[in-house]
Amino acid sequence: MLMIRRKIVFIALTVSVMFACGGRQKAENDIEVKIDGLLSNMTLQEKIGQMNQLTGLGLSADMIHNVKNGRVGSILNELDPKTINELQRIAVEESRLGIPLIFARDVIHGFKTIFPIPLGQAATWNPQIVENGARVAATEATAVGIRWTFAPMIDVTRDPRWGRIAESCGEDPYLTAVMGAAMIKGFQGNDLADPGSMAACAKHFAGYGASESGKDYNTTWIPELQLREVYLPSFEKAVEAGAATFMCSFNDINGVPSSGNAYLNKTILRDEWHFDGVLVSDWGSIEQMISHGVAADLKQAADLAANAAVDMDMMGFAYINHLEALVQEGNVSESAIDRAVRDILRLKFRLGLFDNPYVEIREEMPFYTAEALAKAKQAAVESAVLLKNKDGLLPLGEGIKSVAVVGPLSDAPGDQVGTWCFDAEFEHSVTPLTAIRDAYGENIGINAEQGLTYSRDKNELGIEKAVTAARKSDVVLFFAGEEAVLSGEARCRADIRLPGAQTEMLKALKKTGKPIVLVIMSGRPLAIGEETEDADAVLLAFHGGTMAGPALADLIFGKAVPSGKLPVTIPKMAGQIPVYYAHKNTGRPGRNVSLIDDIPVGAAQTSLGFTGYHLDAGNDPLFPFGYGLSYTDFDYSEVRLSQNALSTGQTLTVECTVTNTGKYDADEAVQLYIRDRVASLARPVRELKGFQKIYLKAGESQTVTFTLTEDDLAYWHADMVKRAERGEFQVWISTDSQSGTPATFVYN
Ligand code: BGC
């Protein structure tokens with residue numbers, strides 16, 4: 001009887017899934033038919049109008065003229081719902097074909113309620129947290145009428161000098177792909193046509209994170225093997241995750257700017273991955289092909305971009321001014337225009353804008369809800385990475401009767417939200433000082449003195465005041481780092497140490513003999529070797545967003561336990577860059593390192609050995625990818641394999657038992673790495689292939705199981721085919737990218 005009932009349920013489920021898929025397919029087919037109808041009615045000028053994206057100018061005469069005459073397809077940066085509705089009304093009621101507009105905005109890590117910067121979100125190693133953040137952002141931004149966000153930014157980068165590392169998910173293709181997909185899911189929800197959903201935009205396509213010397217917009221040289229192995233996987237995954245749109249990057253790759261790169265935009269994105277969404281240029285990036293030196297003028301730039309399948313020109317004025325002539329002269333085919341317009345109309349249909357173009361004007365906006373703030377706080381808790389905790393200083397115990405709260409980031413509401421927060425209202429930011437006062441002010445003495453008023457401040461007079469506060473306290477909480485404006489677009493640094501007199505301030509505080517907790521709030525990993533030596537505990541909190549303060553207070557006083565892990569390697573100094581865990585071994589891996597100060601005067605040239613390292617930095621980074629401590633300890637058992645060989649079409653189960661051997665209940669991000677021991681091309685010493693964040697009570701154990709398939713072993717070969725090679729592999733399940741003992745299996 002039970003069996004029969006199960007079967008009926010199974011059949012019913014299968015049929016409903018089939019109907020759902022069939023229903024979706026039918027809806028998509030209907031959309032194409034509607035697009036055919038529209039396209040057949042559109043003039044060339046109207047088509048080109050759809051391909052034009054302009055920045056908001058309110059209800060200016062210019063904008064009204066453009067909307068009425070079908071000369072604009074999308075508007076970015078317009079935020080007033082009433083203005084949005086009026087522009088939309090003009091488009092729908094007064095333009096000849098009534099095609100609605102799409103309103104867009106950079107909603108990167110929150111609209112009003114700000115979550116940690118994406119690099120911090122990646123440090124959570126918790127895709128659910130990331131999805132929650134994007135969902136909250138969508139709920140808030142769609143309430144004003146924004147239906148398209150320019151996020152996620154899924155540029156892999158191995159260069160902390162680059163300011164946009166803050167917006168990225170760090171150095172690893174796999175971690176970036178997983179986090180990017182989670183953001184897409186959060187922004188787009190279950191149904192793009194839901195007025196609470198925003199189209200996501202996978203950006204910047206592609207290779208932007210490889211900018212030479214970490215300088216923004218700079219040239220990149222990326223061999224295709226590396227492009228496919230490092231820079232493209234997150235984008236391919238974004239297509240699989242249903243990203244509705246993509247954005248070109250500013251950089252050139254091997255001499256070809258992305259906005260004119262037909263190989264990237266047609267061959268890979270459209271032909272290989274079958275992307276059928278909108279590809280928008282970056283701001284002025286079509287026009288900037290003139291500066292790159294590949295187009296003589298705006299007309300040639302428009303020609304290059306249109307022939308490279310860039311659908312929409314963001315603030316470049318290249319398409320609107322020149323496409324018509326280019327079509328008439330036969331340089332751009334009308335079918336290329338139709339294809340682009342089809343993508344744009346498809347997006348508008350998918351967003352439900354033809355049926356429901358207007359945003360509801362609400363009395364109360366769904367901003368900063370208790371639920372959103374709780375999610376933002378949890379994200380900030382999980383994004384903080386504990387780098388050092390000498391003698392278990394953290395969490396602060398009951399014996400602590402007074403704390404000094406010092407440092408330029410201790411009470412900096414605008415800086416803690418980080419880069420790309422145009423819509424954040426700083427009065428909603430809860431700073432560490434406020435949070436500590438609110439939660440503990442009644443029971444412990446709080447001696448607050450910023451010392452330095454902003455991160456670049458060099459005025460040492462303030463330091464003395466902070467030292468006085470430290471002398472009166474049991475523990476010093478030093479909130480250091482970078483102002484928000486020091487990371488993000490065009491905010492690159494050649495020197496990645498703490499700016500201003502922060503290091504001097506730490507030294508002065510250390511002289512008091514008081515234990516020091518150093519909290520770094522920054523948009524990038526900073527070279528904090530000296531500071532890590534001087535401080536007793538170090539917590540890397542990134543820019544944690546609206547709720548950074550309460551999250552840090554919970555972590556410092558033990559209401560929460562750190563579980564963040566580095567999504568990027570921290571170098572000892574900028575000269576080590578690029579330094580990343582998935583490097584190749586080389587023929588002479590760095591061993592027997594003799595550091596510069598240890599070399600005897602007059603040492604013979606041959607006396608130091610010949611291996612690959614820097615005389616002044618050695619071979620290791622300051623902290624490796626995946627690293628992060630907890631207040632508890634985790635023990636990892638040996639890695640167990642379901643069998644010693646993996647054959648084509650089979651799976652291999654890899655597991656280990658993780659035990660919480662310490663005193664605190666805590667989360668742990670368990671990481672799976674492999675290495676192909678002997679291959680026809682040199683392979684990285686380790687590659688991340690999976691991770692799981694688990695929660696273990698003190699004393700509890702859990703078996704953590706991963707499955708490897710042939711696809712996990714495969715890599716790109718010179719013939720641009722991804723395949724696995726037969727032979728021996730190592731596999732680790734470990735707490736970071738450098739620890740653990742591998743098991744071995746054979747792929748046969
Ligand atoms: C950035 C993009 C952003 C766009 C629109 C550009 O400068 O590179 O990431 O989406 O501006 O604001």
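**Surface, fold and selected residues of a predicted model**

User: How many helices and strands are in the chain, and how does the radius of gyration stand against the globule rule?

Analyst: The chain contains 21 helices and 27 strands. Its radius of gyration is close to what the globule rule gives for 748 residues, so the chain is as compact as a globular protein of that length. Both the radius and the value from the rule are 27 Å.

User: What percentage of contacts in the chain between residues at least 6 apart in sequence join residues at least 24 apart?

Analyst: Of the 748 residues, 58% count as buried, and the C-alpha atoms fill a box of roughly 80 × 75 × 60 Å along the principal axes. Among contacts between residues at least 6 apart in sequence, the share that joins residues at least 24 apart is 76%.

User: Is serine 630 buried or exposed, and which residue has its backbone nitrogen 3.1 Å from a polar atom of the serine 630 side chain?

Analyst: Serine 630 sits in the loop between helix H20 (548-557) and strand E17 (634-636). With a relative accessible area of 16%, serine 630 falls under the 20% cut-off and therefore counts as buried. Beyond its neighbours within four places in sequence, serine 630 is in contact with Leu386, Val561, Pro562 and Ala666. The backbone nitrogen that lies 3.1 Å from a polar atom of its side chain belongs to threonine 632.

User: What separates the C-alpha atoms of methionine 198 and alanine 137?

Analyst: Methionine 198 lies in the loop between helix H7 (173-188) and strand E5 (201-205), and it is buried, with a relative accessible area of 0%. Methionine 198 and alanine 137 are 61 residues apart along the chain, and their C-alpha atoms are separated by 9.2 Å.

User: Which residue does a cis peptide bond join to isoleucine 577?

Analyst: The bond in question has an omega of about 0 degrees. The partner of isoleucine 577 in this cis bond, placed in the loop between H20 and E17, is proline 578.

Key:
Residues are numbered from 1 along each chain as its sequence is written. This is a predicted model: local features need pLDDT of at least 70, side-chain atom pairs count only at pLDDT 80 or more; totals for chains, interfaces and linings use all residues. Side-chain values use heavy atoms; hydrogens and water are left out. Helices (H or I, at least four residues) and strands (E, at least two) are DSSP runs, numbered from the N terminus. Buried means under 20% relative accessible area, exposed over 50%, partly exposed in between (1.4 Å probe, protein chains only). A polar contact is a pair of N or O atoms within 3.5 Å; within protein, one must be able to donate a hydrogen and the other to accept it, and residues adjacent in sequence count only if both atoms are side-chain atoms. Contact means heavy atoms within 4.5 Å. The radius of gyration is taken over C-alpha atoms; the globule rule is 2.2 Å times the number of residues to the power 0.38.
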